Amino acid sequence: MTAIQWLDDRLGLRALRELVSHKTVPMHRYSVFYYLGGMTLFFFLVQVCTGVLLMLYYRPSAEEAFESIEFLVTTVPFGWLVRSIHAWSANLMVFFAILHLVSVYFLKSYRAPRELTWVSGVLLLFLILAFGFSGYLLPWNQLSFFATKVGTDIAGVVPVAGEWMLRFLRGGDRVTSATLSRFYGWHVAILPAITTVLLFVHLLLVQTKGMSVPETVEDEARRRPPMKFFPHFALRDLSGWIFALGVLAALAAMLPWELGEKADPFAPAYANIRPEWYYVFMFQTLKLVPGGEVLGVEYEAIPILLFSLGGGLLMLVPFLDRKRSRGWGIAGVAGLAFVVAMTCWGYASLVPLYIVFLTALLLAVFAWITK
Amino acid sequence: MEASPVPERRRFINWFLGTSLGALVMSVLYPIARYVSPPHIPEAGTAQVDAGATDDADFREKGFKIVRFGADPVIVVRAAENDYRAFSATCTHLDCIVGYQKERNRLWCNCHGGAYDLTGRNIAGPPPRPLAVLKVNLVPKSEGTSTIVVSKA
């Protein structure tokens, strides 16, 4: 008891406890969406822990990267598990970040005074995608090599600044060991540093502004008593996290992430090569654009510029959606339909669509459980 | 006073949750503990190595030469004409690599000032044990020169 008292006097834990005890979460039929950000955070924490562990054995050079991972997954005890969890958790983090964004978008939780929460969140999503892109090269296998060649070449297509960007990203004219060093630096130092700061801002804004209640359920939220964050909401969060950890372990054990073959800059790309699922809609769009140029701008630069513009617009939604018109909802549905349809086309399969339905079903089940 | 059934059940549930949580923590910590311990990689055993010729410039200039004995360094010292000696070059104090001081006729470790005589015995400074001695054979090569062959004693 005295030990706790001693710590309390020095750390001011009482103030923190006081703050937490007043925090509540509004209850209404969309409350389940409040868990998505926390879930994304969980996967991010898993990424930090497994990433640090991977750094113990990984060697960032074209000569040794692939071999060091081969050693990791075949010889190091539980190396395969750590690597597979890192890969699966990365994908689930992207998935939940997108889900979080989609729910916030359609519930219009970005309304004043939460514009900056939205902007920081969109930036965090872009950072997560950058993590995915830079981490992809690190195993130095065939897939990662071509993904990086194509991805950095896309940057090179952009008019005016393209060539500089391409050389900046690659650390030279070609994808070589220099690119690997660069991507490694981004992946384990620069991006984590920026993400940590931005994540702190994002979470702080969520705390100071509280949870947004969608306009359509304001009556319901007034009628129903809010849930205390601690312990009720936090325990539900924790249950979800434990469940997610179980899913991760199961995925890693039953579907271990493949290592593939070592990159060979003098071998043709293999059949059906495609990027990670979250880039497939852009990949498919680019496949449809024929060669040619107009006014000195190559055709393929047009969709790339449009996607960049789309990203910029997404970030500015809270400032553009002033009158809370239905138009933004419709545009959102159209955008989402485009992404899902292009992804299905890219895979020549309806599985992406099924995953969307399955996710909706899972959310409904979790909403019912946590009611 | 009669114990009510509710605390009984609460105690059971607490015990149940507590042990489950403990098991969960253990199942996370165990793989991590195993993972951070680097696996043992078997090395090919080395019985003897060719340490070069007796007329090597190193012996003339510095009086010693360090050669690879498997993955470990071995120091070969020219004590006198046709008297070559070999020792493990790893200082028994804290793992530095020793050298040979020709003018003082001793093996010397720069890290913490450990000294050994030319039988490998620790004679000054912090080293706790003598250097391991290896066997040297001189195999005649041509007029006046031999090949130094170092092998495990």
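Helix α5 (residues 79–106) of chain A packs against helix α6 (residues 115–137) of chain A at an angle of about 155 degrees, their axes lying 10 Å apart; here axes are lines fitted to C-alpha atoms, for helices over the stretch in contact, and angles run from 0 to 180 degrees between N-to-C directions. The model is a predicted one, in which local features need pLDDT of at least 70 and side-chain atom pairs count only at pLDDT 80 or more, whereas totals for chains, interfaces and linings use all residues. Residues are numbered from 1 along each chain as its sequence is written, and chains are lettered from A and ligands numbered from 1 in the order in which they are written. Helices (H or I, at least four residues) and strands (E, at least two) are DSSP runs, numbered from the N terminus.

α5(A) and α6(A) are therefore roughly antiparallel to each other, a term that applies to angles over 145 degrees, with those under 35 counting as roughly parallel, 65 to 115 as roughly perpendicular and the rest as oblique. The contact is made by Ala90(A), Met93(A), Val94(A), Ala97(A), Leu101(A) and Val104(A) from α5(A), and by Trp118(A), Gly121(A), Leu125(A), Ile128(A), Gly132(A) and Gly135(A) from α6(A), two residues being in contact if their C-beta atoms, placed from the backbone, lie within 7 Å. By class, nine of these residues are nonpolar, three are polar and none is charged; Ala, Val, Leu, Ile, Met, Phe, Trp, Tyr, Cys and Pro count as nonpolar, Asp, Glu, Lys and Arg as charged, and the others, Gly among them, as polar.

On the α5(A) side the contact involves Leu81(A), Ser84(A), Ile85(A), Trp88(A) and Ser89(A), which face Leu248(A), Leu251(A) and Ala252(A) of α11(A). The residues of this contact comprise six nonpolar, two polar and no charged.

Chain B is divided into domain 1 (7–37) and domain 2 (48–151), with bounds that come from an automatic or database domain assignment. The centres of domain 1 and domain 2 of chain B, taken over C-alpha atoms, are separated by 56 Å. Between the chains, seven residues of chain B are in contact with ten residues of chain A; the side of chain B that touches chain A has six nonpolar residues, no polar and one charged.

In chain B, an open sheet of six strands has the order β1-β10-β9-β4-β3-β2, with antiparallel pairing, where two strands pair if DSSP finds at least two bridges between them. Its edge strands, each pairing on one side only, are β1 (48–53) and β2 of chain B, and the twist averages 30 degrees from one strand to the next. Strand β2 (residues 64–69) and strand β3 (residues 72–80) of chain B pair in the antiparallel sense over six bridges, with Ile75(B) in β3(B) as the bridge partner of Ile66(B). The hairpin of β2(B) and β3(B) has two residues between the strands, and Gly70(B) takes a positive phi near 70 degrees. β3(B) pairs with strand β4 (residues 83–88) of chain B, likewise in the antiparallel sense and over six bridges, and Val76(B) stands opposite Ala86(B) in β4(B). In the hairpin formed by β3(B) and β4(B), with two residues between them, Asn82(B) in the turn has a positive phi of about 60 degrees.

A further open sheet of chain B, with four strands, has the order β5-β6-β7-β8 and antiparallel pairing.
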